[in-house]
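Trainee: Could you take me through one part of this model in detail, and then show me what sits around it? I'd like to follow it on screen as you go.

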Amino acid sequence: MQETGVEAESVNIKQSRVDRLTGYDLLALGAPTQYFTASKPLKIFLEQLKGLDLKGRRGFAFDTRLDSRLSGSAAKFIEKRLQELGIDIIRPRASALVVCEKGAKPEDTMLKDGMEDLFESIGKELGTLDKDATGESGMTERQHLGWAEKEASRDRMTLSERGGEIATVIGIILVALFFYAHQAWSTGFFTSAFASTEAFLLYGSILTGMAGSVARLVTGRRNISRLLELATSIFWIVSWLFYVFPFNFAHFADMVPKFLRFLVSWITNDIARIPFALGILGGVAFIPVNVILYLMVRRLLRR
Ligand SMILES: Cc1cc2nc3c(=O)[nH]c(=O)nc-3n(C[C@H](O)[C@H](O)[C@H](O)COP(=O)(O)O)c2cc1C
């Protein structure tokens with residue numbers, strides 16, 4: 001399959017996690033035929049799939065079985081179950097035939113000549129069919145889902161990660177105080193263009209930024225804070241609508257202790273405009289990504 005350019009993963013069902021399956025477009029499921037049907041572990045695996053929403057995904061069933069009219073077929077059983085789950089069968093089932101030497105135990109079988117070649121060509125066929133059916137947008141959706149699954153799995157924060165949020169909150173409070181001190185001491189950093197709207201936008205973006213950290217600290221979950229990050233992005237974008245640059249960076253260092261001033265004294269208005277503009281552009285790009293991620297992670301976490 002990989003030769004056709006699609007990403008493919010081969011996993012033993014005993015090691016696979018069913019909840020990860022929703023991240024794949026095509027599920028090719030196979031098992032040895034035992035007692036005319038699929039082996040027990042495969043049946044257990046299929047039972048677990050009932051809890052997932054796999055409607056509209058694509059599927060293919062295969063098996064290994066003896067070369068006999070009376071062999072039965074695991075693939076037939078699997079194909080039927082996949083269909084019952086709402087999975088579209090992309091290609092009719094196939095069997096890799098095995099031979100059992102006279103007197104050998106039923107498990108001591110060998111693949112019949114030509115079977116490896118047959119399944120190599122089936123793999124390529126599946127890869128091509130999957131690519132045709134997926135198209136570019138499908139790939140993007142799967143990538144999004146993979147990302148959302150990763151985020152959902154790390155949604156619950158560890159104690160040390162929550163502790164790290166305390167440091168972030170303190171940092172943000174210091175930044176807010178730094179700006180407020182400029183205002184209170186009238187250093188000249190804020191120009192006359194800094195009126196109440198500009199103050200609302202500046203402190204609003206700082207406060208919502210802090211609220212995201214506080215939410216992570218209190219709840220120990222990440223996804224909820226995405227909504228608050230949205231608010232921060234909106235503040236940045238609105239500040240662009242009202243575009244004024246109400247700062248004079250010649251006075252930025254005034255509130256910094258003298259021995260540290262060299263660290264920020266090089267920041268001119270023109271230099272400061274760059275992160276300001278990047279923040280606005282980032283906010284525009286960030287909003288749709290954050291909304292999609294928030295909704296996808298929420299859906300995954302509710303399962
Ligand atoms: C307990 C047992 C029951 C089996 N029953 C069947 C059967 O009903 N039909 C059949 O074609 N093969 C049967 N076989 C043979 C298996 O299908 C064969 O060993 C298997 O497909 C080989 O593939 P594997 O090497 O991936 O296990 C049976 C084998 C075992 C061990």
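Mentor: Here's a walk through a pair of helices, the loop between them and a few other spots. Keep in mind that this is a predicted model.

Let's start with helix 4, residues 159–184, and helix 5, residues 196–219. Their axes come within 8 Å and cross at roughly 165°. Angles over 145 degrees count as roughly antiparallel, so helix 4 is roughly antiparallel to helix 5. As for handedness, the crossing of helix 4 and helix 5 is left-handed.

Who makes the contact? On the helix 4 side, click through Arg162, Glu165, Ile166, Thr168, Val169, Ile172, Val175, Ala176 and Phe179. Helix 5 answers with Leu202, Tyr203, Ile206, Gly209, Met210, Ser213, Val214, Arg216 and Leu217. Sorted by class, that contact between helix 4 and helix 5 has twelve nonpolar, three polar and three charged residues. While you click, remember that an α-helix has 3.6 residues a turn, so residues three or four places apart point the same way.

Now stay on helix 5. With 24 residues at 1.5 Å a residue, helix 5 should span 34 Å, and its end C-alpha atoms are 33 Å apart, which agrees. The buried residues of helix 5 are Leu201, Leu202, Ser205, Gly209, Met210, Gly212, Ser213, Ala215 and Arg216. Just past the end of helix 5 comes Gly220, with a positive phi of about 70°.

Next, go back to the loop between helix 4 and helix 5, where you'll find Phe189. Being buried takes 20 or more other C-beta atoms within 10 Å; Phe189 has 22 C-beta neighbours inside 10 Å, so Phe189 counts as buried. Not counting residues up to four places away in sequence, Phe189 touches His182, Phe247, Asn248, His251, Phe252 and Asp254. Ser225 is another story: Phe189 and Ser225 are 36 residues apart in sequence, and their C-alpha atoms are 31 Å apart in space.

Let's move to helix 2, residues 74–84. Its buried residues are Ala74, Ala75, Phe77, Ile78, Glu79, Arg81 and Leu82. Those buried residues of helix 2 pack against strand 1, strand 2, helix 1, strand 3, strand 4 and strand 5. Helix 2 is followed by Gly86, and here phi is positive again, near 90°.

Positive phi also turns up in residues other than glycine. Look in the loop between strand 1 (26–34) and strand 2 (37–38), which holds Tyr35. Phe36 sits in the loop between strand 1 and strand 2 too. Tyr35 has a positive phi of about 50°, and phi of Phe36 is near 70°. How exposed are they? Tyr35 has 9 other C-beta atoms within 10 Å, so Tyr35 is exposed. Phe36 has 13 other C-beta atoms within 10 Å and is therefore partly exposed.

One last stop is Met115 in helix 3, which covers residues 115–153. Met115 has 18 other C-beta atoms within 10 Å, so Met115 is partly exposed. Leaving aside neighbours within four places in sequence, Met115 is in contact with Ala96 and Leu97. Val98 is 17 residues from Met115 along the chain, and the C-alpha atoms of Met115 and Val98 are separated by 8.6 Å.

Definitions and conventions
Residues numbered from 1 in each chain as written. Predicted model: local features only at pLDDT ≥ 70, side-chain atom pairs only at ≥ 80, totals over all residues. Axes fitted to C-alpha atoms, helices over the stretch in contact; angles between N-to-C directions. Helix = DSSP H or I, 4+ residues; strand = E, 2+ residues; numbered from the N terminus. Parallel < 35°, antiparallel > 145°, perpendicular 65-115°, else oblique. Left-handed = near helix turned anticlockwise from the far one by under 90°. Contact = placed C-beta atoms within 7 Å. Nonpolar A, V, L, I, M, F, W, Y, C, P; charged D, E, K, R; others polar. Buried ≥ 20, exposed ≤ 12 C-beta atoms within 10 Å, placed from the backbone. Expected span 1.5 Å × (residues − 1).
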